[in-house]
Amino acid sequence: MGIRSITPRIFSALLAVCLAPSISANEYLTNMMAAIAPKTSQTAVILSTELDGTFRVNDQQLFTPASTMKLLTAVAATQALGENYTFKTQIDSYVSIANNRIEGDLFIRFDGDPTLSSRDLNRLLKQLKSQGLDHIDGNVYLVGNQQEAVKAPGWVWDDLGICYAAPVSRYVINNNCIKAKLEPRLADDLGKLSYDKSQPVTITSTAVFDKTATKEFCELALNRSDDNQFSLSGCFPSKKPLKLAIAISDPALYAQNIISELLELNQISIKGEVLLTNKRPANTLLIGEHQSKPLNSLVGSMLLHSDNLIADSLLKRMGQVKYGVAGSFTNGSKAMISILTELGIDLESANIVDGSGLSRYNLLSANQLYQVLQLIESEKRFNHLIELLPIAGETGTLQYRKGYRSAPLKGHIFAKTGSMLGAVNLAGFIKDKDADYRPFVILENGHSPAVKQNEVAPFSVLLLQAIVN
């Protein structure tokens, strides 16, 4: 078993645990906690032991859950929407295609599909082209929600330009994300920026590389404007290329520009313009449709890769379905609380404002997360969610995580990670030798980057090693 630091106090405590006569599992874990619990951060633990029932430490206290919030989203979305639910991007017109044209306007209904790509939209337009469409004798309207909030309360300002905090909108194309790369030049320290210039965005850079990493202050800054214009400045302390993932600022404008480009690519001319609208007329005909993968596949991607866009798109959809109005972070959070409460989860003390866990305003206790895990384990309709979780040393966010890539944890921990600055959380299941799944929650808040840099092994690793061993 690894340890954080070989101090006399920890060595003596671990020795006492190892040499103690026969003790209960709870006594063993109490002694272990005394030895390995971090001194500079707050922890909460609740887990099922084979003989003594449940071991609990601070399990009623509220913590920032980070991405362990996605466990709640997975259960609530499965309950409210069903495993086979799909997002539908649809094309409508007043009349069908005739004489290679559409008389009047065309409506493209964006449904908030978090996985919709420009390739999917291109296929949709190709469907129309294969039916003979060459000209639209009107406008092309992109139907969405012009007034929706695309970021939840409590999202950190520094995150908003990065793709894991991409705007959650009815208009989603290519994850509302642009990939770029900043490379050092041989001749000088100036960085060379490259990205797909066919994308309807502008990215400029004055950033430099500190190739020797000797400057006292060296950091990059990303400036964002509302019209999808970005500029990179500052410096990067390395001589290696840096991959960038930049979140779109205005998803509706991005969608307008993408559709304009795809119409031109497919040689479909329009008399009018590509415009935005909140609603399509009721008397239109469906002439094209793209469906997302079913909910179970989306939830699997959300849990495995901690996909925030999928999580919050599902949250908004729950609000829409439950209350019959446009989905939002507010009604989606309310819907999720209502759905989980009906399933027996006590969320009275919780604070939930998004489905991804990005918000610093979210508050959950270890006990509330544990109740969700118990529900997943006990209810047949949720059992499949266990297999969708990252597996230590094998898949998802636990594939390369420190301490989980080797025995005894590799292959035995199925869990959702939850990490952000100051938070290192884990909630899931221990798979024992009898193929039984025992739920556990380990929350750690107030975790300093300086402490993380110097620790030999994370607190969760040490505790889980003690349990599995």
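This is a predicted model: local features need pLDDT of at least 70, side-chain atom pairs count only at pLDDT 80 or more; totals for chains, interfaces and linings use all residues.

Start with the helices. The pair is α3, residues 69-81, and α8, residues 329-342. Their axes come within 9 Å, and the crossing angle is roughly 75°. Angles of 65 to 115 degrees count as roughly perpendicular, so that is the term for α3 and α8.

Which residues in α3 and α8 meet? From α3 there are Met69, Leu72, Thr73, Val75, Ala76, Gln79 and Ala80. On the α8 side, they meet Met336, Ile339 and Leu340. Sorted by class, this contact has 8 nonpolar residues, 2 polar ones and no charged ones.

Now the charged side chains. How many salt bridges does the count come to? The count is 14, and I will go through some of them.

Take Arg56 and Asp59. They form a salt bridge, with 2.8 Å between the closest N and O atoms. Asp59, at 8%, is buried.

Next, Arg170 and Asp111. Here the closest N and O atoms are 3.9 Å apart; the cut-off for a salt bridge is 4 Å. Arg170 sits in the loop between β8 (140-143) and β9 (177-184), while Asp111 sits in the loop between β6 (106-109) and α4 (118-130). The pair therefore ties together parts that are 59 residues apart in sequence. In terms of accessibility, Arg170 is partly exposed at 23% relative accessible area, whereas Asp111 is buried at 13%.

Where do Lys316 and Glu148 lie? Lys316 belongs to helix α7, residues 308-323, and Glu148 to the loop between β8 and β9. This pair therefore ties together parts that are 168 residues apart in sequence. Lys316 has a relative accessible area of 6% and is buried. Glu148 is buried as well, with a relative accessible area of 14%.

One last item concerns shared partners.

To recap: α3 and α8 are roughly perpendicular, and their contact has no charged residues.

Key
Residues are numbered from 1 along each chain as its sequence is written. Side-chain values use heavy atoms; hydrogens and water are left out. Axes are lines fitted to C-alpha atoms, for helices over the stretch in contact, and angles run from 0 to 180 degrees between N-to-C directions. Helices (H or I, at least four residues) and strands (E, at least two) are DSSP runs, numbered from the N terminus. Angles under 35 degrees count as roughly parallel, over 145 as roughly antiparallel, 65 to 115 as roughly perpendicular and the rest as oblique. Contact means heavy atoms within 4.5 Å. Ala, Val, Leu, Ile, Met, Phe, Trp, Tyr, Cys and Pro count as nonpolar, Asp, Glu, Lys and Arg as charged, and the others, Gly among them, as polar. Buried means under 20% relative accessible area, exposed over 50%, partly exposed in between (1.4 Å probe, protein chains only).
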